[in-house]
Amino acid sequence: MELIWEGVREAFRILGTGDREVWEITLRSVLVSGSATLFALIIGVTIGATLAFRRFPGRNLAVTLVNTGMGFPPVVVGLVVAIMLWRSGPLGGLNLIYTPVAMVIAQTIIAAPLVTGFTVAALGSLPPGLRPQLYALGASRLQMLRLVLVEARLPLLAAVMAGFGAAVSEVGASLMVGGNLGGETRVLTTAVVLAARRGEFAPAIALSIILLVLVFLVNLVLTGVQQRERPS
Amino acid sequence: MSATAYRVSMAILAVAALVAAAAFGAACGSGSDLILATTTSTYDSGLLDDLLPVFEEETGYHVKLIAVGTGRALEMGRRGDADVLLVHAPSSEQVFVDEGYGVNRQRVMFNDFVIVGPDADPVNLRGAEDATTALHAVQKSQLTFFSRGDDSGTHKRELSLWEELGADPTNESWYRETGQGMGETLQIANQLEGYALTDRGTFLALQDVLDLVVLHEGDDQLLNVYHVMQVNPDRHGGVNTEGAAAFVEFMVEESTQAVIEDFGLDEFGQPLFVPYAGGQE
């Protein structure tokens, strides 16, 4: 128990004094996972909208695959991305292994199925008459997509939260493709692993608290937007 | 209201795009990157934290340090996924060099392995005359022994000690493989009051948070020698040969050896490594 209090005190000391390395790691976590969430959003909304509105053979299989992907083990994603990006791998020539970009790729793959799944659910819950009505009013495809996304924005925010939450709290893939390089690819989760391995428990707890606060803040902001927008 | 939502989402998108651009910009490395695959023991002890900035300053190379077990490090070298290796499993390294995967192998430093366990020492390891006798006592007692189980240099050494003893404990119920680095393995052994073979450096670095104590040390079977070597550029395109050669030279030069000699003195009251450059064995 003493250890936990020591960790909490250390966390507040770090938060208070602005330890440069810790803030860099935190910022890097936000940048990497934020980018991954953005890409996952683009991919997820595109695929999700297709799955929600189109009827085609194999659609059920596709939805099942997306649902499977929502529970995809990050460490498997990490291994596959690492094998592709290693110098000896098929994409080795890109020199992306052990860079933040490699981490963005892995986290995008982890977050995209979540965003897709949430999008399918969100668009599926719209009133069934909405689209025929928009067509009847003469909306173009693009206009319609925009209007539909605006209508479904509240559940879509949940998709962003889920995607960011998965990306930022993931550790296995980030370790494997990022290499946990200090000053380059060390993010909050991998920094916690390293600190714990080195027996530096107080910093490990401090970093964990920062990670929790970060996820909390992101959710707080997005939930705030969601609540304000909610039609009364 | 939908206009507000639209503006909010556009703002979010804009910020996210900037973020993505920044991440990409930060990642665009140059040809001066040097991938060093090394063992968790050299990394976790903090030695490389002291040495790498000096090397980078002197040579302008940018070192990407990947801390894995010696087995993984050699495998990375074999596939050309690393430029230079700092490892501690001499017999595996010799095979690696003989097979033509490594060149310019140089001795850097040594420390020693120690056998650690609970202070109570129920099976009297303190009285054991050498490492194999000590392991034999653990085996007879059926008390839990924690192995790295990760093909690291420490794991390889531990297996060769069991082999010398003529024992194969890998399927025994008292023998557990953690599959993790030295730091994690020591912490597991500590929590579950078991025994383990560890390099002295990692043990000293973690001593403050461990109840384990050194029970056996100081015989020839426990010498732990570290070598540095280049990955053979003839085997793989894209290996940073100049950088690797510069790193090998850096590790054995006098000023670096002096840093190694003093490393740990302030913090632990004794050096963690002994400089040992000059020669191959």
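Me: How is the handedness of a helix crossing read, and what is the case for α2(A) and α5(A)?

Reply: A crossing is left-handed if the near helix is turned anticlockwise from the far one by less than a right angle, and right-handed if clockwise. Here α2(A) and α5(A) cross in the right-handed sense. The model is a predicted one, in which local features need pLDDT of at least 70, side-chain atom pairs count only at pLDDT 80 or more, and totals for chains, interfaces and linings use all residues. Residues are numbered from 1 along each chain as its sequence is written, while chains are lettered from A and ligands numbered from 1 in the order in which they are written.

Me: At what angle do the axes of α2(A) and α5(A) cross?

Reply: Axes are lines fitted to C-alpha atoms, for helices over the stretch in contact, and angles run from 0 to 180 degrees between N-to-C directions. Helices (H or I, at least four residues) and strands (E, at least two) are DSSP runs, numbered from the N terminus. For helix α2 (residues 20–53) of chain A and α5(A), the crossing is at roughly 35°, and the axes come within 6 Å. By class, this contact of α2(A) with α5(A) holds 20 nonpolar, 10 polar and no charged residues. Ala, Val, Leu, Ile, Met, Phe, Trp, Tyr, Cys and Pro count as nonpolar, Asp, Glu, Lys and Arg as charged, and the others, Gly among them, as polar.

Me: How are α3(A) and α5(A) oriented to each other?

Reply: Angles under 35 degrees count as roughly parallel, over 145 as roughly antiparallel, 65 to 115 as roughly perpendicular and the rest as oblique. Helix α3 (residues 59–70) and helix α5 (residues 100–124) of chain A pack at about 130°, their axes 8 Å apart; α3(A) and α5(A) are therefore oblique to each other. Their crossing is left-handed.

Me: Which residues of α3(A) and α5(A) meet?

Reply: Two residues are in contact if their C-beta atoms, placed from the backbone, lie within 7 Å. On α3(A), A:Val63, A:Val66, A:Asn67, A:Gly69 and A:Met70 meet A:Pro113, A:Leu114, A:Thr116, A:Gly117 and A:Val120 of α5(A). The residues of this contact comprise 6 nonpolar, 4 polar and no charged.

Me: How is chain B divided into domains?

Reply: Domain bounds come from an automatic or database domain assignment. In chain B, domain 1 covers 33–110 + 225–275 and domain 2 covers 112–222. Between these domains of chain B, 18 residues of domain 1 are in contact with 16 residues of domain 2.
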